[in-house]
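Please read it alongside the sequence and coordinates shown below.

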Amino acid sequence: MLISRSISHDRADKIYSWLFLLPVFVILLIAAFIPLGYGFGLSFFKYKLNLQQSPLFVGLENYIDLFRDELFMQSLKNNIAFAFMSVAIEIVIGIIIAMLLSDDNSFSRIATTFLLIPMIIAPVASGTLWKMMLDRTYGIVNYLLSFVGLPAVSWLADFRIAIYTIVFVDAWQFIPFVAILVLSSIKSIPKSFLDAARVDGASPLKVFTRIVLPITAPVIIIVAMVRFIDAFKVFDTIFVMTQGGPGNATEMLPTYIYRQGIKFLKVGYSSATAILFITVMSLIAWQFIRLRSKQLRRVG
Amino acid sequence: MKLIKQRTDSSNYLSNFLGFPTRVVILILALIMVLFPFYWLITNAFKVEQEYFASPPVVFPTIITFQNFIDAVVKYEMFKGLVNSVLIAVGTTVTTSLFGSMAAYSLINGALPKRIKGVLASWFLVQKMYPAIVVAVPVFYIIRTLGLMDSITALVIMNTSFNLPLVILLMIGFYQEAPYEVEEQSMLDGCSLVQRYLYVTTPMVKSGLIATGMLTFVYSWNEFLYAVILTVNKAKPLTVIIAGFITDKGLIWGPMAAMGCVIVFPVLLIMWLMQRDFISGISAGALKG
């Protein structure tokens with residue numbers, strides 16, 4: 001992807017080339033490298049920012065404590081459940097929507113534009129939106145459901161339901177993301193493939209399972225993995241809608257780290273969580289990059 | 001049914017894979033699911049209190065009021081939040097576009113060893129993937145030590161770092177497409193690298209730079225995590241103010257909806273203006289690297 005162009009450069013060009021990269025390095029240093037290294041260091045200390053004491057070196061204690069911490073295990077479990085549920089729903093519905101929008105008339109084009117909206121608004125805004133609509137007493141959702149005879153549901157206050165509500169709002173926001181990427185991949189399928197299948201009398205459903213799915217599979221896999229990784233970054237929606245509650249029913253890793261580190265100022269402990277988190281995520285991401293480059297070669 | 005199928009071409013053939021009636025029903029449902037929440041947000045913003053607190057809810061408001069917007073400004077600091085949001089988003093867009101295009105230009109047309117490009121490319125990929133929360137605590141601590149807590153500067157720095165990878169990635173694509181002959185010619189004419197960047201090549205990729213900038217604007221306008229961590233009072237953007245609202249005051253829906261409208265509107269406007277670039281920018285961000 002990075003193809004360099006070969007021309008002879010003079011000395012000034014060489015110096016300027018490096019100078020042009022300098023700001024990026026400085027920003028990354030301040031905002032990424034130093035904090036990462038610093039966090040790694042802190043993770044071996046017992047250190048609470050609000051107490052007037054100096055950091056105490058405790059080795060791996062923070063890491064060991066993590067696995068004894070029920071709240072951490074709960075957040076991890078919630079986060080994994082959330083990731084699998086939301087990705088599955090988003091992929092299935094996203095593919096269906098993409099298929100339905102795959103023709104070229106103006107209705108589909110306009111519909112595509114409208115369906116994109118949830119994806120680009122602030123997650124804080126979509127959280128606000130749905131919090132209003134899902135309110136038990138004044139919300140429109142329970143009101144509409146009462147017409148089909150369903151009793152009022154506490155969408156966000158019932159610990160058995162809250163996590164599904166979060167999954168729903170996440171799906172509402174990111175189905176368009178899946179749909180738009182799958183759609184562009186469907187549109188790149190050569191027309192001749194589809195025409196040939198049609199002439200041979202294949203049913204549309206057969207064309208979908210035998211031609212469209214296999215051809216778009218690499219893109220679908222990439223999109224699923226991007227969404228899976230993003231599911232472990234979920235923060236805004238939960239912050240606005242449930243604050244991790246009721247109880248700890250919707251506490252997930254980012255909200256857990258936030259609470260430990262920023263609210264309770266347990267700097268060392270939350271750094272250990274973060275380091276463990278990034279280690280696991282890097283392993284997943286590494287697999288992902290390998291898989292992706294393989295898939296991208298197949299796409300061509 | 002048969003008639004419809006026969007008249008359509010193969011792309012239509014695909015979109016009717018579940019049958020034409022199912023298609024119409026699903027798409028209409030999907031459109032309602034997407035658009036109705038916005039109808040609800042907008043009408044709530046203009047409803048009087050008796051109507052947004054009504055059980056059963058009022059679907060078609062009978063009285064229209066601007067009081068919610070006035071309250072949001074007077075009582076709930078919406079104007080301050082708006083100014084901060086604009087400053088953060090504009091600041092981030094300018095620095096990211098400048099630094100990102102400089103880096104991309106240098107990577108494509110500059111005189112750098114080959115290896116650095118590979119190293120940078122893989123770094124960008126990694127940065128795109130790791131969760132921002134993992135550096136939150138150290139960043140919080142560093143920003144506090146630097147005395148930058150509750151400042152626009154801190155948020156511009158953080159947002160710039162989040163958006164740089166995408167901008168560099170997209171700008172590399174644009175610079176690669178720019179005609180190289182012009183670059184070569186101006187080199188023979190004795191233009192320095194800086195002059196070529198400023199006056200020759202970047203003007204040719206102006207539209208790409210603008211599209212990338214818009215994407216950055218939207219992302220930093222929407223950003224919440226670092227905004228909530230690094231602001232206390234005076235640098236709070238709209239996203240933080242509306243979130244505080246919900247958690248502290250719960251049910252003041254009118255002003256809350258008014259603020260929601262103010263957060264959503266600029267983004268919708270930008271998307272409407274540059275639909276195509278938006279889609280390709282987002283896809284490139286997800287698929288390339």
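## Two loop residues with positive phi

Leu265(A) sits in the loop between helix 11 (253-263) and helix 12 (267-299) of chain A. Helices are DSSP runs of H or I with at least four residues, strands are runs of E with at least two, and both are numbered from the N terminus. Although Leu265(A) is not a glycine, its phi is positive, at about 55°. Leu265(A) counts as partly exposed because it has 17 C-beta neighbours inside 10 Å. A residue is buried if 20 or more other C-beta atoms lie within 10 Å of its own, exposed if 12 or fewer, and partly exposed in between, with C-beta atoms placed from the backbone.

Chain B has a residue of this kind in Glu77(B), which is not a glycine and has a positive phi of about 60°. Glu77(B) lies in the loop between helix 5 (67-74) and helix 6 (78-109) of chain B. With 19 C-beta neighbours inside 10 Å, Glu77(B) is classed as partly exposed.

## Basis of the model

The model is predicted, and local features need pLDDT of at least 70, side-chain atom pairs count only at pLDDT 80 or more, and totals for chains, interfaces and linings use all residues. Residues are numbered from 1 along each chain as its sequence is written, while chains are lettered from A and ligands numbered from 1 in the order in which they are written.

## Chain A

Chain A contains twelve helices and two strands. Read from the N terminus, its elements follow the order α-β-β-α-α-α-α-α-α-α-α-α-α-α. The radius of gyration of chain A is 24 Å, well over the 19 Å that the globule rule gives for 300 residues, so chain A is more spread out than a compact globule. That radius is taken over C-alpha atoms, and the rule is 2.2 Å times the number of residues to the power 0.38. Along the principal axes, the C-alpha atoms of chain A fill a box of roughly 80 × 75 × 30 Å.

Of the 300 residues of chain A, 44% are buried. Among contacts in chain A with a separation of 6 or more, 73% involve residues 24 or more positions apart. Two residues are in contact if their C-beta atoms, placed from the backbone, lie within 7 Å. Ile220(A) belongs to helix 9 (residues 204-231) of chain A and is buried, with 20 other C-beta atoms within 10 Å. Neighbours within four places in sequence aside, Ile220(A) is in contact with Ile91(A), Ile95(A) and Val182(A).

## Chain B

Chain B has 16 helices and zero strands. Its radius of gyration is 24 Å, well over the 19 Å given by the globule rule for 289 residues, so chain B is also more spread out than a compact globule. The C-alpha trace of chain B spans about 75 × 70 × 35 Å along its principal axes, and 47% of the 289 residues are buried.

Helix 12 (residues 206-222) of chain B has 17 residues and reaches 24 Å from its first C-alpha to its last, close to the 24 Å expected at 1.5 Å a residue. The expected span is 1.5 Å times one less than the number of residues. Helix 12 of chain B is largely enclosed by the rest of the structure, because 13 of its 17 residues are buried.

## Domains of chain B

Chain B is divided into domain 1 (2-65) and domain 2 (76-287), with bounds from an automatic or database domain assignment. The C-alpha centres of these two domains lie 33 Å apart. Seven residues of domain 1 of chain B are in contact with six residues of domain 2 of chain B. On the domain 1 side, helix 3 of chain B gives the largest share, four residues.

## Nonpolar cores

A nonpolar core is a set of buried Ala, Val, Leu, Ile, Met, Phe, Trp, Tyr and Cys residues joined through C-beta atoms within 7 Å. In the largest one, of 147 residues, Val182(A), Ala136(B), Ile242(B), Ala243(B) and Met259(B) touch the most other members. Helix 7 (residues 162-187) of chain A gives the most to this core, with 16 residues.

## Contact between the chains

The contact takes 95 residues from chain A and 93 residues from chain B. On the chain A side, helix 1 (residues 11-42) of chain A provides the largest share, 20 residues.
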